[in-house]
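Biologist: Could you walk me through this model before I set anything up with it? I'd like to go topic by topic.

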Amino acid sequence: HFVTFRSDHMEKFVSLMEDHELHQGVTEIVTTGGGAFKYAALFKERLGVELRPVDELGVVVEGISWLVDRPIKGEVNAHHNSGGVGASPTSDEEYGGCRRV
């Protein structure tokens with residue numbers, strides 16, 4: 001699951017997790033940004049959960065690569081660049097007549 005919230009609400013978020021025991025069975029939360037370091041002690045002390053920082057841009061690139069390597073039948077992928085948006089129909093019926101561009 002993906003959850004996003006403003007870092008100035010971190011105390012409220014941790015309290016919510018505590019109150020509803022949402023951290024049960026969670027040993028690690030993958031995070032981006034400086035909050036991964038700033039709030040590591042809070043999560044460890046109150047919830048027993050480690051924050052694992054990851055590079056935000058690196059994760060985005062990995063996600064895009066993952067999607068490109070796993071085409072979904074009938075899906076059209078498009079990309080944006082200085083040349084505009086493109087999607088190419090093909091005769092490849094395995095992917096619903098569309099291919100990645």
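Biologist: What share of the contacts with a separation of 6 or more comes from residues 24 or more positions apart?
Modeller: Such residues account for 30% of those contacts in the protein, where a contact means heavy atoms within 4.5 Å. This is a predicted model, in which local features need pLDDT of at least 70 and side-chain atom pairs count only at pLDDT 80 or more, while totals for chains, interfaces and linings use all residues. Residues are numbered from 1 along each chain as its sequence is written, and side-chain values use heavy atoms, with hydrogens and water left out.

Biologist: And where is confidence lowest, and where highest?
Modeller: With pLDDT being the predictor's confidence in each residue, from 0 to 100, strand β6 (residues 98–99) is lowest at a mean of 44, and helix α3 (residues 40–47) is highest at 96. Helices (H or I, at least four residues) and strands (E, at least two) are DSSP runs, numbered from the N terminus. Over residues 84–101 pLDDT stays under 50, and the mean for the protein is 77.

Biologist: Switching to the inside: which residues form the largest nonpolar core?
Modeller: Ten residues do: Met10, Phe13, Val14, Met17, Tyr39, Leu42, Phe43, Leu47, Val49 and Leu51. A nonpolar core here is a set of buried Ala, Val, Leu, Ile, Met, Phe, Trp, Tyr and Cys residues joined through side-chain atoms within 4.5 Å, and buried means under 20% relative accessible area, exposed over 50% and partly exposed in between, with a 1.4 Å probe and protein chains only.

Biologist: Which element gives the most to this core?
Modeller: Helix α1 does, with four residues.

Biologist: OK, salt bridges. How many does the structure hold?
Modeller: Four, a salt bridge being a side-chain nitrogen of Lys or Arg within 4 Å of a carboxyl oxygen of Asp or Glu. In one of them the side chains of Glu11 and Arg46 meet at 2.7 Å, N to O, and this pair links helix α1 with helix α3, 35 residues apart.

Biologist: Are those two buried or partly exposed?
Modeller: Glu11 is partly exposed, with a relative accessible area of 46%, and Arg46 is partly exposed as well, at 28%.

Biologist: And Arg52, which residue is its partner?
Modeller: Arg52 pairs with Glu28, the closest N and O atoms being 3.2 Å apart, which links strand β2 (residues 50–53) to strand β1 (residues 28–31).
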